[in-house]
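Here are a few notes to read with the model open beside you. Take the points one at a time and look for each element as you go.

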Amino acid sequence: MKICTVGLGYIGLPTAAMLASRGHEVVGLDVNESVVDAVNAGQAHFQEPDLQMLLSASVETGRLRATTNAESAEFFLIAVPTPLVEGNGPDMSFVEAAARTIAPVLEKGNVVILESTSPVGSTERLADIFAEERPDLVFPRYRDEDRDADVALCHCPERILPGQMLRELVSNDRIIGGLTTACANKAARLYQSFVMGTCYVTDSRVAELCKLSENAYRDVNIAFANELSVICDTLGTDIWQVRELANQHPRVNILMPGAGVGGHCIAVDPWFIVSSAPDEARLIRTAREVNDDKPRRVVQSIAALADRFKSPTIACYGITYKPDVDDVRESPALEIVEAVAELDGAQVLVVEPNLDALPASLAGRENVRHATSDEAREAADIVTFLVGHRQFKRLEADSYLSKAVVDTTGMFSTRKAKAVERD
């Protein structure tokens, strides 16, 4: 099959490489010429285990190439960003632009699949755009099974985890939501060519809300853990011991608290539900507010320690949005370090093994520099652990005993509850 992946970012590029490895002819479409040039040279523009190897092989065999110009294909997979606008509403401009870009090359029998995480009703909006752009073709309407459409339209949300993308592309179950059942069945043919998990067929609105619900569920549970950590700080109680003991209950599983919630999924997608049903999504909204407020709480703790020093040197371990990735999108750790750099007299050492250079928001500051773990430990008055990278887990906790420490990861928690031994 010939497939066009629209967008060669964190989702589109691994998907394109995986499809090419399964023998399909894949054309990657992207507006960024530097990304297109990199892909055509067989170079991944972000880190992901095994992606470079798979991409190089796909390009060398001629099964994957990239372009800035739309061309005909049998399947079109739209995987472009859906960020937030001011006020936490969804920005669908990238999806709509992608639809208008491929509209001129659509042909009878094509299948268009929206993989971008989107508000409920987005797949129907695509049908409206295509109908405006191509009045010569018939497009499906939501659950109108009697309409004989020329082009099938579906939503199949991505479900892959950075750091495990290629494995999860194959192993995870997929939800294929068509505007009609016929649409979903046509899209299923593509996913069954590379997905080993189960493919579930449903309608587009269910698929759209399902992905949003998955991330909102995680967000709500993380918010509970983060709020509990703030309560523990207020009451002078150790959050890690509270969590450890509470989780001994057979029906309790409190998640790990942290510096906040980042990335382009959990930190963003719940707002799509809130924007669609603002009066009903009360718990989901509150969870977002709790998690968005956590970085401010962490900065307060660091600032309180910094007041003890005339010119504190503060080591910040980790600035990516989660452990063991190079992605800083919506990173609460980065937000914290940016705020810490504004503290009076502060010198900031950033330890981030997954980045070769600091992001632009930090790189231009005279009081901030990239440092190794050893350099930071030796020079710091205050040490903050913000991301639980595997490299940090190998550090010796005893070597930080002379430092003032703020640990949002629990890696250096030494207070463990002791079980009573039986006679």
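Which residue in S13 does Ile382 stand opposite?

1. Ile382 stands opposite Ala404 in S13. Keep in mind that you're looking at a predicted model.

2. Now zoom out a bit. S12 and S13 belong to an open sheet of five strands, in the order S11-S10-S9-S12-S13, with parallel pairing. Strands S11 (368-370) and S13 (404-407) sit at the edges with a single partner strand each, so one side of each has no neighbour in the sheet. Going from one strand to the next, the twist averages 20°. As background, strands in a sheet pair through backbone hydrogen bonds, and they can do this parallel or antiparallel.

3. Next, have a look at two helices: H11 (residues 282-306) and H12 (residues 332-340). Their axes come within 9 Å and cross at roughly 40°. The pair is therefore oblique, and H11 passes H12 in a right-handed crossing.

4. So who touches whom? From H11, the residues are Pro295, Val298, Val299 and Ile302, and they meet Pro332, Glu335, Ile336, Ala339 and Val340 in H12. Sorted by class, this contact has eight nonpolar residues, one charged residue and no polar ones.

Key
Residues numbered from 1 in each chain as written. Predicted model: local features only at pLDDT ≥ 70, side-chain atom pairs only at ≥ 80, totals over all residues. Heavy atoms only, no water. Pairing = 2+ DSSP bridges. Helix = DSSP H or I, 4+ residues; strand = E, 2+ residues; numbered from the N terminus. Axes fitted to C-alpha atoms, helices over the stretch in contact; angles between N-to-C directions. Parallel < 35°, antiparallel > 145°, perpendicular 65-115°, else oblique. Left-handed = near helix turned anticlockwise from the far one by under 90°. Contact = heavy atoms within 4.5 Å. Nonpolar A, V, L, I, M, F, W, Y, C, P; charged D, E, K, R; others polar.
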